[in-house]
Each structure stands twice: as structure tokens, then as C-alpha cells.
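Hello, and welcome to this structure. Here are a few notes to read alongside the picture below.

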Amino acid sequence: MITISTRRRIAALAVPLMLGAALTGCADKHLDYVTDYSDHRPLRVTGYPSTDSLEAVQKVVWRLADGDVDGLAALNTEGGDARPAARAWIKEYGKAAARDEVTADFYDEGSVRQVVALHFTGPERTQQVMVRIGPHDTWGIVLVNPEPKDVKKSGAAPTTR
């Protein structure tokens with residue numbers, strides 16, 4: 001027979017175990033981010049990103065630098081198979097993201113979406129992207145085939161609209 005004191009002991013042991021399991025899940029996500037951050041070149045930032053839009057753009061640049069097609073495609077907010085577009089992005093910008101510094105210019109206000117211009121210093125090209133909230137309230141990128149603009153030819157930052 002289970003007495004009241006036995007139930008209290010079980011509850012007292014179960015609560016810390018459940019909290020530990022929950023915190024471990026959060027810690028893994030944080031450790032993944034810290035590892036990614038320390039393994040990649042710094043991202044230069046101008047403008048006013050939100051915490052979430054900045055994290056999404058950092059992940060885009062990191063996946064480009066790593067040549068991670070599946071990881072980049074997973075950041076797509078539009079649904080469907082984004083791997084062809086991810087392969088095109090990596091072909092266009094992967095080496096530059098791994099080798100050179102990337103600057104991200106954040107335009108507008110970033111509570112639900114934000115226009116960002118990525119400037120790759122090696123190839124001297126700029127790519128405009130839209131980061132936004134996608135499925136399950138996670139931030140990602142509208143991943144379409146890249147349309148790089150040659151900075152030397154245009155001489156100006158891309159338009160935001």
C-alpha cells in the first residue's frame with residue numbers, strides 16, 4: 001500500500017527529473033547556437049535586427065559557409081522542396097561566406113519580417129533576402145533562387161521594396 005509520505009517522496013523525485021529533462025532540451029539548442037557562433041566568421045550587422053531576424057540571417061550565412069544544403073533548405077519559410085534553391089545559393093555564395101566577411105544590412109522594423117541585404121566581400125556581390133516568421137512561429141528565409149547584384153557595377157545598396 002502506498003502511503004501519503006511515499007507519494008510525496010515520488011513527487012519530490014519526479015519534479016527535479018522532469019525539470020532537468022526540460023532544461024536539457026533548451027540547453028541543447030543553446031549549445032548548438034554557441035557552437036555555430038564560435039565555428040564561423042563574425043557577421044557584420046548594420047540597421048536594427050530583431051533577435052529572431054538576426055539569428056535567422058546568421059544561420060543562413062553559417063549554412064552557406066558550411067555548404068549545408070539540407071540545413072539551408074530547412075530555413076525556408078515557404079514550404080515545398082527548397083533544396084534546388086539552397087544548392088544554387090551555396091554555389092553562388094558558399095565559398096565567399098566561408099572565406100570572407102559578410103555584412104548584413106537590416107532594413108525596416110523586424111517584429112514579423114525584415115528585408116536584409118547580404119554583402120559578400122570576396123565576390124563583391126549583394127543579395128537581398130526576406131527573413132520572416134514561418135511555420136510553428138520559427139524564423140527563416142524566403143528561399144528563392146539567388147539574384148546577385150554586382151556591387152561594382154551598381155554602386156548602390158539594393159532597394160528595400
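1. Strands (E, at least two residues) and helices (H or I, at least four) are DSSP runs, numbered from the N terminus. A pocket is an open set of points on a 1 Å grid over the protein atoms alone, where a 1.4 Å probe fits, with protein on both sides within 12 Å along at least five of seven lines; lining residues have an atom within 4 Å of a point.

2. Before going further, please keep in mind that this is a predicted model, in which local features need pLDDT of at least 70 and side-chain atom pairs count only at pLDDT 80 or more, while totals for chains, interfaces and linings use all residues. Residues are numbered from 1 along each chain as its sequence is written, and side-chain values use heavy atoms, with hydrogens and water left out.

3. The second largest pocket has a volume of about 180 Å³, a volume being the space filled by probe spheres set on the grid points, which are joined across faces, edges and corners. Among the residues lining this pocket are Trp89, Met130, Val142 and Lys149. Its lining has 5 nonpolar, 3 polar and 2 charged residues. Here Ala, Val, Leu, Ile, Met, Phe, Trp, Tyr, Cys and Pro count as nonpolar, Asp, Glu, Lys and Arg as charged, and the others, Gly among them, as polar.

4. Trp89 also belongs to a cluster that ring pairs form with Tyr93 and Phe120. Rings of Phe, Tyr and Trp (its six-membered ring) pair if their centres lie within 6.5 Å; planes under 30 degrees apart are stacked, over 60 edge-to-face and the rest tilted. The count comes to 2 aromatic pairs. Tyr93 and Phe120 are stacked, 4.2 Å centre to centre with 15° between the planes. This pair links helix H4 to strand S3 (residues 113-120), across 27 residues of chain.

5. Is Ile90 buried or exposed? Ile90 is buried, because its relative accessible area is 16%. Leaving aside residues up to four places away in sequence, Ile90 touches several residues, including Leu64, Val69 and Leu72; contact means heavy atoms within 4.5 Å.

6. Finally, the largest pocket holds about 300 Å³ of space. Lys59, Leu75, Thr138, Trp139 and Gly140 are the closest to its centre of the 17 lining residues. H2 gives the most to this lining, with 4 residues.

Technical notes. Buried < 20%, exposed > 50% of the residue type's maximum accessible area, 1.4 Å probe, protein only.
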